Amino acid sequence: GCQALTAITLGSKTEYIGWGAFNNCDMITAMSIPASVEYIDGWMFYYSGIKNFSVAEDNENYISKVGLILSKDGKTLVAFPAGRIGDFEIPEYIETINGGAFARGSISKVIIPESVKVISDSAFEGYNGSVVVKGQLDYVESWAFRAFQGSVISIYFLGGAPLEIGT
């Protein structure tokens with residue numbers, strides 16, 4: 001683990017940030033993603049203290065808005081800062097929530113706008129809180145809301161049930 005780590009600088013040649021790379025890093029509150037990063041696993045920051053992400057402007061694969069990591073086109077939420085608390089309303093330009101994006105996060109309520117149509121596998125795995133879905137989802141992958149070690153999640157579908165749920 002990295003419980004005592006308070007800061008980290010990713011090198012300019014870092015290309016891949018994999019599953020669990022910074023989990024349990026409670027003391028790190030911000031992270032900058034360099035231009036060289038080609039792949040980020042949404043699960044890389046679960047149980048972390050990160051409250052904001054930034055991405056180098058010349059990164060070809062990712063951008064950052066409101067402290068989130070997004071796909072270059074801004075339509076996929078790749079990673080949410082697990083150290084944030086309170087409620088969060090996902091911006092209207094997001095269409096897909098990546099696997100692991102909110103996994104084991106600290107936020108109490110996530111409001112998903114009508115623009116979101118897909119929630120990927122394990123996107124909210126182990127999340128403790130409530131999720132309000134304003135619109136109708138086209139697809140929810142398997143284990144998108146999987147409970148983990150006593151986690152409790154409440155899901156409210158205001159726009160109707162998802163059209164398809166993965167198995």
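**Exercise 1. Is S71 buried or exposed, and what does S71 touch?**

Step 1: S71 has a relative accessible area of 15%, so S71 is buried (under 20% relative accessible area; exposed is over 50%, partly exposed in between; 1.4 Å probe, protein chains only).

A word on the model before going on: it is predicted, so local features need pLDDT of at least 70 and side-chain atom pairs pLDDT 80 or more, while totals for chains, interfaces and linings use all residues. Residues are numbered from 1 along each chain as its sequence is written, and side-chain values use heavy atoms, with hydrogens and water left out.

Step 2: Leaving aside residues up to four places away in sequence, S71 touches N61, Y62, I63, T76 and V78 (contact means heavy atoms within 4.5 Å).

**Exercise 2. Which side chains meet in the salt bridge, and why does the pair tie together parts 45 residues apart in sequence?**

Step 1: The structure holds one salt bridge (a side-chain nitrogen of Lys or Arg within 4 Å of a carboxyl oxygen of Asp or Glu). Its partners are K134 and E89, at 2.9 Å, N to O.

Step 2: Now place them. K134 sits in the loop between β12 (129-133) and β13 (139-140), and E89 in strand β8 (residues 87-89), so the pair links parts that are 45 residues apart in sequence. Strands (E, at least two residues) are DSSP runs, numbered from the N terminus.

Step 3: Check accessibility: K134 is partly exposed at 35%, and E89 is partly exposed at 40%.

Definitions and conventions
Helix = DSSP H or I, 4+ residues; strand = E, 2+ residues; numbered from the N terminus.
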